[in-house]
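Thanks for coming. I will take you through one structure, starting with its pockets and ending with its aromatic rings.

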Amino acid sequence: MSDDEAPVQASLRPLLPSDTAALAMLFRASIFELTEEDYDADQQEAWAAAADDEAAFGARLAAGLTLVAVADGEPVGFVSVTDNKTIDMLYVHPLAAEQGVGTLLCNAAETLVKGRGGKSLVADASDTALGFFQARGYEAQQRNTVQRDNAWLANTTVKKSLVDGEPTP
């Protein structure tokens, strides 16, 4: 994006059953195009395999509160919150990266969780997304290593207090 281009103007809506295929493609594209500096090809492939079974991927999205960011009629990102306390997935299409879509989605997730009585929000942030979360006030809680197929992936559990003036425990 050049300096004279406007950021992506996206709106939010709830997940629709018909979104599954598009969000699975977005999920894969995000992993393969945005994480290559932090994860090797085997790690990316193992991670992206979570969307190979689209029915299971759709069920995972439907099990949480999932919001879809849409621009020009197409999904450009999504966030899924489970148990009113965990960001299970937050992905932005590579063409919309660093244009405010992730911020829009995260703001909405935080507002919804807080509005439903949640006091904090946690996420397992990839090495690629860790800086994004930390810039939003999430604090690292622990480092994790997760096995996916034959690959090991590292991430960091982060947490943010949603109660004004209260530090993250």
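Which element gives the largest share of the lining of the second largest pocket? That element is α1, with 4 residues.

Some ground rules. This is a predicted model, in which local features need pLDDT of at least 70 and side-chain atom pairs count only at pLDDT 80 or more, while totals for chains, interfaces and linings use all residues. Residues are numbered from 1 along each chain as its sequence is written, and side-chain values use heavy atoms, with hydrogens and water left out.

A pocket here is an open set of points on a 1 Å grid over the protein atoms alone, where a 1.4 Å probe fits, with protein on both sides within 12 Å along at least five of seven lines; lining residues have an atom within 4 Å of a point. Volume is the space filled by probe spheres set on the points, which are joined across faces, edges and corners. Helices (H or I, at least four residues) and strands (E, at least two) are DSSP runs, numbered from the N terminus.

The second largest pocket has a volume of about 240 Å³. Its lining has 14 residues, and Ala 71, Glu 74, Pro 75, Val 76 and His 93 are the closest to its centre. Two or more lining residues come from each of α1 and β3 (74-82). By class there are 10 nonpolar, 2 polar and 2 charged residues; Ala, Val, Leu, Ile, Met, Phe, Trp, Tyr, Cys and Pro count as nonpolar, Asp, Glu, Lys and Arg as charged, and the others, Gly among them, as polar.

Now the largest pocket, at about 1000 Å³. It is lined by 39 residues, with Trp 47, Leu 90, Tyr 91, Ser 126 and Ala 129 closest to the centre. β4 contributes the most to this lining, 6 residues. The lining divides into 24 nonpolar, 9 polar and 6 charged residues.

Last, the rings. The whole structure holds 8 aromatic pairs, meaning rings of Phe, Tyr and Trp (its six-membered ring) with centres within 6.5 Å; planes under 30 degrees apart are stacked, over 60 edge-to-face, the rest tilted. Tyr 39 and Trp 47 make an edge-to-face pair, 5.2 Å centre to centre with 70° between the planes. Tyr 39 is buried at 4% relative accessible area, and Trp 47 is buried at 13%; buried means under 20%, exposed over 50%, partly exposed in between, with a 1.4 Å probe and protein chains only.
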